[in-house]
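Open the model in your viewer and keep the selection panel at hand. The stops below go from one selection to the next.

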Amino acid sequence: MQEFLQQVLSGIASGGIYASLALALVLIYNAMGLVNFAQGEMAMFATFLAFTLIGRGMDYWIALPLTIAIAFVGGIVIQRVVIRPVERAPVLTLVIVTLGLATLINGLAGFFFGYLPRLFPSPFSVQTIDIFGAAASWQDLGVIAVSGVVLVLVFLMLQRTTVGLAMRAAAHNPEASRLLGIRVSWMLALGWGLASAVGAVSGIMVAPILYLEPNMMQTVIIYAFAAAVLGGIESPLGAVIGGLIVGVTVNLAGTYLPGVGGDLQLAVAFAIIIAVLVIRPNGLLGRRAMRRA
Amino acid sequence: MRFVGRAPRRYWLIALGVIVFAGLPTQVTSFQSLEWAEVLIFAIVIMGLNLLVGYSGQISLGHGAFMAVGAYTTAILVHRYHVDYLLTIPIAGLLTGLVGFFLGIPALRLSPLYLALATFALAVITPSLIKRPENLTQGTQGILLAPQQPPDWASSLFAGVTGGPAMTSDQWLYYLCFIVAAALFWVAWNIVRRRPGRALMAIRDGEVAAAASGVNVAGYKTLAFGLSAFYAGVAGALYALATGFVSPDTFPVSLSFQLLVGAVIGGLGSIAGPLFGGIFTFWLPIISSQFVQTQDWIPDQVASVFKNAGPAVTYGALLILIMIFAPNGLVGLILSAYARLRSRLRGVGERTTGQLPPDPQTI
């Protein structure tokens, strides 16, 4: 029982990371009906920036918000330069462009920072405290706390501010929003910036666990895909719930199912994706998709 | 003779291409012909991808996984069960085609976006899945195959025609890939020109309209998936024979990316495109890293990093640039340049022909 609780807790911690990245995916999906395959790589690049800043002697708690701010601007720049020219293109084109973006960023990271796995500093100690008999590490609790704060902030911004309202309106009904004087194209850019910032948090949170290297996010993005699909790809709340479910499920499967250790945990995420798409394509919280000719 | 004289110009181009590729091993070294065999293998799998993406409008990021199925089928059959290697090629193709067909059934219900997600995840987990049945796939160690010797008739024919030394095993493998590639390109050409091809394109351009016109949408979509996987399986089998070695790391996610890049750069929805795509996919990483190594002004440190990162950067940048500026790929560029040249030469007013529709990949 104790071990079970412990696994659930560390599952929630990784779930928080997946939830952040899944939320980033959902933000972009809502803005333009596109799954951004480059989300993980963008987060990885931001994490390298944070690593460089901390390596130069900057305090972790200054480097974290600074990196998030840089990621925000970076996301907007990427949207303006790379995505905007193909904004109205078919989905296939957009998917290929984000794949190109993923490859490009991955290569650039390799170019600038190299392929050696690096130890990323964590502000949280690996010591454990006792919660209901389970030994929880400060590391896990810290990750849960930071992810939670970020998710709440994004939620408040989307639901309680004028900008958030404008963003949701632009995504929901671009034509009407344009008539009301909302600059729809810039709202899309804002969505990219926000997604990039949220993704950066997930990268920085996961780096102390996985070691930082250009291919770090390749597995995390699969879990995030699974989380987003499970939650219903257009629902931010669904992404968070999906992330937590995926995190806990994968962790428990890795511990208790024989043969599902290490790299085969990814297969669990794959199975979740396929199962959701076949049984309930709209996910847990998604609206039923309507098909139009 | 009058038939030859009246043949459309593209037949001449095809004949030229066939002659160039048939004569290639006599002009290059034995090792280089093996490299070109890999180019043709890439061309085959990209042709399969093109049938799926370019003609039926479905996307797959998992063709590396299909190649892995084909390659491992051949490797296991040859290594463990000592089946004749020529026989394993169609077996690998059919088995992979069957796998693709069954994967195509859940794919029917998925929008292109979800399909991309599912196949991407498939490509990511493939290496881990291959490692598991260790007594069958020999795990991370991989399977080593002995090089295949050319049969006597081919060897003596080659020596007779070129008047040189007998055929090497690399040259034999090249010709094997050449014959298979030519046959499969011919099949693809016939498919897209006839009823199935028209049905696929109708589905790509408007599923509802296609269904209203009596096209069996579900049937043709799964058929496209199966056919595409068949191509990938055959290519995988040839790859196992040509390189003589398969391991889980032979089929990383980046392979599936590379294949998609090749299909896009060559030109989606064209028959010649995959050939360009194959040439490009194979040679770009090699040439770019060789080029950097020979340049003295680039410091060694940068050069060694570029060897790893260079292809990724180039692929990514090219993919984005081509999608923005030339969505029909190299073939589209060539065709539009040709059309422009013709209208310039013949004067304005002439109806331009041979141009692809402005945006053939509507979903």
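The tour starts with the chain contact, then moves to the core and the helices.

This is a predicted model: local features need pLDDT of at least 70, side-chain atom pairs count only at pLDDT 80 or more, and totals for chains, interfaces and linings use all residues. Residues are numbered from 1 along each chain as its sequence is written, with chains lettered from A and ligands numbered from 1 in the order in which they are written.

**Stop 1: where the chains touch**

Show chains A and B together. 39 residues of chain A are in contact with 38 residues of chain B (contact: C-beta atoms, placed from the backbone, within 7 Å). Now select helices H4 (91-113), H9 (217-231) and H11 (265-279) of chain A: these are the elements that give two or more residues to the side touching chain B. Helices here are DSSP runs (H or I, at least four residues), numbered from the N terminus. H4(A) gives the most, with 16 residues. Colour that side by class: 30 nonpolar, 8 polar and 1 charged. Ala, Val, Leu, Ile, Met, Phe, Trp, Tyr, Cys and Pro count as nonpolar, Asp, Glu, Lys and Arg as charged, and the others, Gly among them, as polar.

**Stop 2: the core**

The largest nonpolar core has 220 residues. Such a core joins buried Ala, Val, Leu, Ile, Met, Phe, Trp, Tyr and Cys residues through C-beta atoms within 7 Å; buried means 20 or more other C-beta atoms within 10 Å of a residue's own. Select Ala269(A), Ile273(A), Ile44(B), Ala121(B) and Leu238(B), which have the most contacts inside the core. Then centre on Ala121(B). Leaving aside neighbours within four places in sequence, Ala121(B) contacts Ile222(A), Phe225(A), Ala269(A), Phe270(A) and Ile273(A).

**Stop 3: an enclosed helix**

Select H2(A), residues 39-55. Of its 17 residues, 13 are buried, so H2(A) is largely enclosed by the rest of the structure. Just after H2(A), Gly57(A) takes a positive phi of about 105°.

**Stop 4**

In chain A, select H6 (162-172) and H8 (184-210). Their axes, lines fitted to C-alpha atoms over the stretch in contact, come within 9 Å and cross at roughly 110°. That makes H6(A) roughly perpendicular to H8(A) (65 to 115 degrees). The contact residues are 7 nonpolar, 1 polar and no charged.

In chain B, select H10 (195-205) and H12 (217-243). Their axes come within 10 Å and cross at roughly 105°. Pro196(B), Ala199(B), Leu200(B) and Ile203(B) in H10(B) meet Val217(B), Tyr220(B), Lys221(B) and Ala224(B) in H12(B). This contact has 7 nonpolar, no polar and 1 charged.

Note on methods:
Axes are lines fitted to C-alpha atoms, for helices over the stretch in contact, and angles run from 0 to 180 degrees between N-to-C directions. Two residues are in contact if their C-beta atoms, placed from the backbone, lie within 7 Å. The expected span of a helix is 1.5 Å times one less than its number of residues. A residue is buried if 20 or more other C-beta atoms lie within 10 Å of its own, exposed if 12 or fewer, and partly exposed in between; C-beta atoms are placed from the backbone. Angles under 35 degrees count as roughly parallel, over 145 as roughly antiparallel, 65 to 115 as roughly perpendicular and the rest as oblique.
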